[in-house]
Amino acid sequence: MAIITEEPEQEPQLQNQRHQEEQPKQKQISQTKEPQQHTNPFLFWCYLVLFVSLITLLFISVTPQDNNPRSWFLSLDSSLRHHYSNGRIIKVQTSPNRSPIELFTFQNGVDSTENVFIIHGLGLSSFAFREMINSLRSKKFNVIAVDLPGNGFSDRSTMEFEERSDGAFQRFKDVYGLIQEKGFFWAFDQIVETGQIPYEEILKARVLERKSVKVIELGSDEVGRVLGQVIDTFNLAPVHLVLHDSALSMSANWVAENPGLVKSLTLLDTGIKPALPLFAFNLPLIRDFVLGFSFGYQWLIRFCCMKKVGGFDVEGNRVLLKGRDRCRVVSEMGRKLNNSFDMAEWGSSEGIKGIPMQILWSSVWSKEWSEEGSQVADALPQAKFVGHSGGRWPQVDSADELAKHIADFVSSLPKTVRQVEEEPIPEHIQRMFDEARSSGHNHDHHHSHSGHDSHEGHDHAAGYMDAYGLGQTWGQ
């Protein structure tokens, strides 16, 4: 019988060979892992600083501003406050279902039959047109400009009443609010005193309507409704309308529907797209840079709107645009602009054909802008085309030049004849008027020998009637 004793001796040899083969592999793995252990420690701090910076910028951008009108107004520059003091606030409605808002109007002119009504473009207000208004006033015109809702000194929001839900969660909030107002043990005290649960007090506290502040949404319908109310308030019709920049697309429908209120039309660099780019207000970081720093806003204006900003009050316009979250309203206005506006179709409509029209267009801004002006002139062949030396916001650096073109155009038209309509005297005032006249006649009849007394009676009656706004015609 053969005994095999060699197999156990081969196992240690195989294990030694495997061990020798695994050692180089482990050395290679350790060599490849060693570089990963020596990472740059500054990389972690770079990421940390970047993360903290982004969080800080985000916090700054979403931090609510001080929207208190009084504190905001007191922080304004003297030129802005002076402009506000020379203006007038009127009440208008942007929609029949909305509450009235305050609209700032600026009127500076002489007693003239020719009224020039200026409508600003996107991102501007009447404050930017004051030099042009003064120049037109010196040419014997009555000039009025407005701050469209959400711009300048006009209201940016409305207070609305909405019906709220009457669910279990809302009832719990009402009870919680009542406890905060009157204390935790108020209901228990009422039960002890009266022996009843105060159901009536709880029901009174549960108002099914709530107040909510809504930012004004300004489209073409709302702008047209505002223009009509301003013209009616100041009795401007027929008016010489001056539309700048995006004001044409916002008021084109209203002009076509109300040709009887418009004596002439002047289009001032009214392109399809506004001069002020909307991305500057839609992107938070860019908006904070542009509106947060004067040099940022000045750079944007010089790049997109005008080449010479020396006479332009950069800081004043920036403050008006930034204050009380007005940039949000401007952004909403930009979204509602009619980018598919067909100027040729609008110019050939029945309401526009009979309106005298001129186009004032920058001839030095850029080649592309001059080509767009040629396209506008071709779309409106009935309009008089005039080039000017300003930019897309020429109301500052070319104010006198624009005022001269507008004055020459308005003066070339037939003069406006206005008929003053006398308001009818109320019936009870007319009755007092007749009684006073008859008593004065009887007084003169019985005391005709006393001329002095007769004059005193007339003077007293005239002063009495003046309190009702009838004037001194009757007394005289």
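A residue counts as buried when its relative accessible area is under 20%. By that cut-off Val 314 is buried, because its relative accessible area is 10%. The structure described here is a predicted model.

**The nonpolar core**

- The largest nonpolar core contains 98 residues.
- Phe 117, Ile 118, Trp 346 and Trp 393 are the residues with the most contacts inside this core.
- Leaving aside residues up to four places away in sequence, Phe 117 touches Ile 144, Val 146, Leu 227, Val 230 and Ile 231, and also Val 239, His 240, Leu 241 and Val 242.

- Strand E7 spans residues 239-244, and six of its six residues are buried.
- In a regular strand, side chains alternate between the two faces of the sheet.
- Both faces of E7 are covered: on one side lie Val 239, Leu 241 and Leu 243, and on the other lie His 240, Val 242 and His 244.
- E7 pairs with E3 in the parallel sense, over four bridges.
- Within E3 (115-119), Val 116 stands opposite His 240 of E7.
- E7 also runs parallel to strand E8 (residues 262-268), to which six bridges join it.
- In this second pairing, His 244 stands opposite Leu 268 in E8.
- Together with helix H10 (residues 247-257), the strands E7 and E8 make a right-handed β-α-β unit.

**Helix H5**

- Helix H5 covers residues 130-138, and its buried residues are Met 132, Ile 133, Ser 135 and Leu 136.
- Seen down the helix axis, these buried residues fall within an arc of 165 degrees, so they line one face of H5.
- The elements covering the buried residues of H5 include strands E2 (101-109), E3 (115-119), E4 (142-146) and E7 (239-244), as well as helix H19 (399-411).
- Lys 140, which follows H5, has a positive phi, near 70 degrees.

**The surroundings of Val 314**

- Val 314 belongs to helix H14, which comprises residues 314-322.
- Not counting residues up to four places away in sequence, Val 314 touches Ser 294, Tyr 297, Gln 298 and Val 309.
- Val 314 and Tyr 297 are 17 residues apart in sequence, and their C-alpha atoms are 7.4 Å apart in space.

Technical notes: Residues are numbered from 1 along each chain as its sequence is written. This is a predicted model: local features need pLDDT of at least 70, side-chain atom pairs count only at pLDDT 80 or more; totals for chains, interfaces and linings use all residues. Side-chain values use heavy atoms; hydrogens and water are left out. A nonpolar core is a set of buried Ala, Val, Leu, Ile, Met, Phe, Trp, Tyr and Cys residues joined through side-chain atoms within 4.5 Å. Buried means under 20% relative accessible area, exposed over 50%, partly exposed in between (1.4 Å probe, protein chains only). Contact means heavy atoms within 4.5 Å. Helices (H or I, at least four residues) and strands (E, at least two) are DSSP runs, numbered from the N terminus. The arc is that of the directions from the helix axis to the C-beta atoms. Two strands pair if DSSP finds at least two bridges between them. A crossover is right-handed if, with the strands pointing away from the viewer, the path from the first strand over the helix to the second runs clockwise.
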